[in-house]
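Q: I'm new to this one and would like a close look at a single part. Could you walk me through the sheet and what surrounds it?

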Amino acid sequence: DGKKYSSNIPFYITALILGVATAQYLPISSIAKFLISEKLPKPNTPEAEEFKASLEKELEKLPIYKELCADPNYEPVRAWNYVDSNTLNQLITSGTLSTPGGFAIKPILFFNKSKKESISIYHVGEKLCGYPFLVHGGILATILDEILKRTSTFSFGLDPLENYFPDKIKTKNIELQYKFPTVANSFLVVRCKDDGEKVDGRIETLDGKLLVKGSGTFEKRTGLFK
C-alpha cells in the first residue's frame with residue numbers, strides 16, 4: 001500500500017497545482033454553477049423561456065453591460081449573425097444550439113465607430129463543451145473569427161450595425177492563441193479593434209482574464225452585394 005501511495009504522489013501534486021491555478025484564473029461563480037447545476041429544461045417549453053429570462057436578467061446586472069449601455073460612444077445590436085453562413089450558423093438559427101445549454105440568449109455587440117472597435121458579451125452553455133465543463137475550441141474560433149470579421153467592416157466603409165452580412169466579408173487569414181480553457185455556463189467578453197490592416201481580438205472572462213487571443217485579415221467580397 002505504501003508503494004502504491006508513493007506512486008500516486010506526482011499525480012496528487014499535479015492535480016493540486018492545476019486546481020490552484022484554475023481557481024486563481026477562473027471565476028468561482030463559473031465553477032460553482034457546475035457543482036449546483038440542475039437538469040436543463042427542454043427546448044420550446046415554458047421552463048426554457050424562464051431559463052432564458054433568468055440569463056437576460058443576469059446579463060442586465062453585469063457591470064460591463066451597464067457601463068456600455070450608458071456610454072453614448074457605443075452602439076448596441078442583438079443578433080445571431082455574428083456567425084458565418086455555414087453549418088454552425090444554420091444550427092444556431094434553427095434552434096439546435098440556441099436553446100438552454102447552448103447559446104441560450106442572443107449575444108449583444110457594442111460598436112464604437114470613432115475608435116473602430118467592438119465589445120461583445122455572450123453566454124456559452126454546457127452543450128458547447130468539447131471536454132467536460134470546457135467550451136469546444138472550434139466554437140470559440142468561429143465566434144472570434146466572425147466578430148473579428150464584423151469589426152473589420154470599418155475598413156470597408158460598411159456599417160457593422162445596419163448593413164452587415166457575413167458573406168460581404170471574406171476571411172483571408174486568422175491566427176488564434178488559446179491561453180486558457182474556457183469554462184461553460186458563463187458570460188464571456190470579446191474585445192476587437194480594427195487598425196486598418198488587421199483586426200486584433202481577445203476573449204476574456206468578465207474580470208478581464210485572457211482566454212483566447214487572435215488577429216485576422218479580411219477583404220470585401222465583390223459582385224455579391226451592392
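How many bridges join strand 6 to strand 9, and do these two strands run parallel or antiparallel?

A: A quick note before the tour: this is a predicted model, where local features need pLDDT of at least 70 and side-chain atom pairs count only at pLDDT 80 or more, while totals for chains, interfaces and linings use all residues. Residues are numbered from 1 along each chain as its sequence is written, and side-chain values use heavy atoms, with hydrogens and water left out.

Now to your strands. Strand 6 and strand 9 run antiparallel, and 9 bridges join them. One of the links is between Ile-169 and Lys-220, its bridge partner in strand 9. The protein has 7 helices and 9 strands.

Strand 9 also pairs with strand 8, again in the antiparallel sense, over 6 bridges. Here Glu-204 has Leu-210 as its bridge partner in strand 9. Strand 8 and strand 9 make a hairpin with 5 residues between them, and Gly-208 in the turn has a positive phi of about 90 degrees.

Axes here are lines fitted to C-alpha atoms, for helices over the stretch in contact, and angles run from 0 to 180 degrees between N-to-C directions; contact means heavy atoms within 4.5 Å.

What about the nonpolar side chains? In soluble globular proteins, these tend to be buried together. A nonpolar core is a set of buried Ala, Val, Leu, Ile, Met, Phe, Trp, Tyr and Cys residues joined through side-chain atoms within 4.5 Å, where buried means under 20% relative accessible area, exposed over 50% and partly exposed in between (1.4 Å probe, protein chains only). The largest core has 24 residues, and Tyr-122 and Ile-203 touch the most other members. Strand 3 (117-124), helix 7 (137-151), strand 7, strand 8 (199-204) and strand 9 (210-220) each supply at least two residues to this core, with helix 7 giving the most, 6 residues. Leaving aside residues up to four places away in sequence, Ile-203 touches partners including Tyr-122, Leu-140, Leu-188 and Leu-211. Another core, of 15 residues, lies apart from it, with Tyr-65, Leu-68, Tyr-74 and Ile-119 among them.

Next come the rings. The structure holds 2 aromatic pairs; rings of Phe, Tyr and Trp (its six-membered ring) pair if their centres lie within 6.5 Å, and planes under 30 degrees apart count as stacked, over 60 as edge-to-face and the rest as tilted. Tyr-65 and Phe-110 have ring centres 6.4 Å apart and planes at 75 degrees, so they are edge-to-face. Tyr-65 sits in helix 5 (residues 63-70) and Phe-110 in strand 2 (residues 108-112), so their pair ties together parts 45 residues apart in sequence. Phe-110 is buried, at a relative accessible area of 0%. For Phe-111 and Phe-154, the centres are 6.3 Å apart and the planes at 65 degrees, so this pair is edge-to-face as well. Phe-111 lies in strand 2 and Phe-154 in the loop between helix 7 and strand 6 (169-178), so the pair ties together parts 43 residues apart in sequence.

Finally, back to what follows strand 6. Thr-182 is found in the loop between strand 6 and strand 7 and counts as buried, at 2% relative accessibility. Not counting residues up to four places away in sequence, Thr-182 touches residues including Phe-133, Leu-140 and Leu-211. Ser-186, in strand 7 (residues 186-194), is buried too, with a relative accessible area of 6%.

Terms used: Helix = DSSP H or I, 4+ residues; strand = E, 2+ residues; numbered from the N terminus. Pairing = 2+ DSSP bridges.
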